[in-house]
Amino acid sequence: MASFQHLLFFLSLLLSTSIACDRCVHQSKAAYFSSPASLLGGSCGYGSMALSFNAGYVAAASPDLYRDGMGCGACFQIRCKNPSLCSSGGVKVIVTDINKSTQTDFVLSTSAFTALAKAGMAQDIKRLGIVDIEYKRIPCEYKDHNLSVRIEEISKKPNYLAIKVLYQGGQTDIHSIDVAEAGGWNWRFMTRNYGAVWNTSRAPAGPLQFRMVVTGGYDGMMVWPKKAIPADWKAGAVYDLGLQVTAMAQEGCSPCDTSDWR
């Protein structure tokens with residue numbers, strides 16, 4: 001009987017350390033883009049805006065992390081594993097592109113890659129070109145921005161609407177977006193066109209409101225933006241939706257590290 005109780009305790013301990021974690025630590029490698037121009041055509045569709053995100057600390061992520069565009073805008077903390085060369089805090093990056101290389105999970109902007117190094121050792125880490133890393137997903141924080149949408153230039157009134165989702169906080173993925181006339185309930189679903197861009201050919205007339213399903217914990221949750229975009233929306237304009245996402249998605253894993261690497 002005692003041995004059976006010990007077995008149950010061990011199993012419960014094992015489960016408790018392998019599920020419900022929002023800071024799963026993974027091992028991989030990272031390289032860097034030698035030219036900033038490589039970031040402008042990113043698969044997420046951010047274009048030149050990518051260079052303004054997070055002080056230019058951005059990254060292309062492997063297909064498993066990019067997930068057909070669902071991973072666009074996700075934030076990660078990355079640190080390299082050579083203690084004589086690498087800082088203990090590493091760098092925080094935002095995903096803006098897909099990395100199709102099978103050698104690394106991340107290709108970082110040059111500024112992000114050199115930020116992995118200790119003070120005065122940026123050139124040393126650049127000479128390596130590729131480094132062993134550990135990383136974890138972290139919440140995105142936008143102190144000066146709410147969740148917003150940009151109207152893409154391919155939009156065409158009255159019915160075709162394409163939006164790019166910007167400044168998504170928290171640690172979540174957008175699974176669906178619907179649009180309706182502000183104050184109405186005739187919701188029309190939107191489709192992920194590519195990356196962070198969603199579209200519909202059935203946009204209603206008038207000012208438009210959105211609702212989104214994002215992951216929160218293991219389940220989806222509905223997000224209801226507080227602001228509508230005006231009826232005379234303009235291509236190229238960015239519209240503040242009046243709230244920020246703070247939910248935290250979780251993985252099942254071990255080890256789990258909820259500390260902020262410093």
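Me: How do the residues lining the second largest pocket divide into nonpolar, polar and charged?

Reply: Rolling a probe the size of a water molecule over the atoms shows where empty space is left. In this predicted model, the lining of the second largest pocket comprises five nonpolar, four polar and seven charged residues. The volume of this second largest pocket is about 280 Å³. It is lined by 16 residues, of which L65, R67, R137, D173 and E251 are the closest to its centre.

Me: Which element gives the most to the lining of the second largest pocket?

Reply: Strand β6 does, with three residues. Both α2 (63–66) and β6 supply at least two residues each to that lining.

Me: What volume does the largest pocket have, and which residues are the closest to its centre?

Reply: The largest pocket has a volume of about 470 Å³. Its lining consists of 23 residues, and N54, C75, P139, C140 and E141 are the closest to the centre. At least two lining residues come from each of β3, β4 (91–98) and β6, and the largest share, three residues, is that of β4.

Me: In what order do the strands close into a barrel?

Reply: Strands of a sheet pair through backbone hydrogen bonds, either parallel or antiparallel. Here six strands form the barrel in the order β1-β5-β2-β4-β3-β6, with mixed pairing. On average, neighbouring strands of this sheet are turned by 45° against each other, direction ignored.

Me: Which residues lie on each side of strand β12, and are they buried or exposed?

Reply: In a regular strand the side chains alternate between the two faces of the sheet. For β12 (residues 197–200), V197 and N199 are on one side, W198 and T200 are on the other, and all of them are buried, so both faces of the strand are covered.

Me: Which strands pair with β12, and over how many bridges?

Reply: Strand β8 (residues 161–166) pairs with β12 in the antiparallel sense over four bridges; K164 has V197 as its bridge partner. Strand β11 (residues 191–194) also runs antiparallel to β12, joined by three bridges, and here R192 is partnered by W198. The hairpin of β11 and β12 has two residues between the strands, and G195 takes a positive phi near 50°.

Terms used: Residues are numbered from 1 along each chain as its sequence is written. This is a predicted model: local features need pLDDT of at least 70, side-chain atom pairs count only at pLDDT 80 or more; totals for chains, interfaces and linings use all residues. Side-chain values use heavy atoms; hydrogens and water are left out. Two strands pair if DSSP finds at least two bridges between them. Axes are lines fitted to C-alpha atoms, for helices over the stretch in contact, and angles run from 0 to 180 degrees between N-to-C directions. On a 1 Å grid over the protein atoms alone, a cavity is a set of points where a 1.4 Å probe fits but cannot get out, and a pocket is an open set with protein on both sides within 12 Å along at least five of seven lines; lining residues have an atom within 4 Å of a point. Grid points are joined across faces, edges and corners, and a volume is the space filled by probe spheres set on the points. Ala, Val, Leu, Ile, Met, Phe, Trp, Tyr, Cys and Pro count as nonpolar, Asp, Glu, Lys and Arg as charged, and the others, Gly among them, as polar. Buried means under 20% relative accessible area, exposed over 50%, partly exposed in between (1.4 Å probe, protein chains only).
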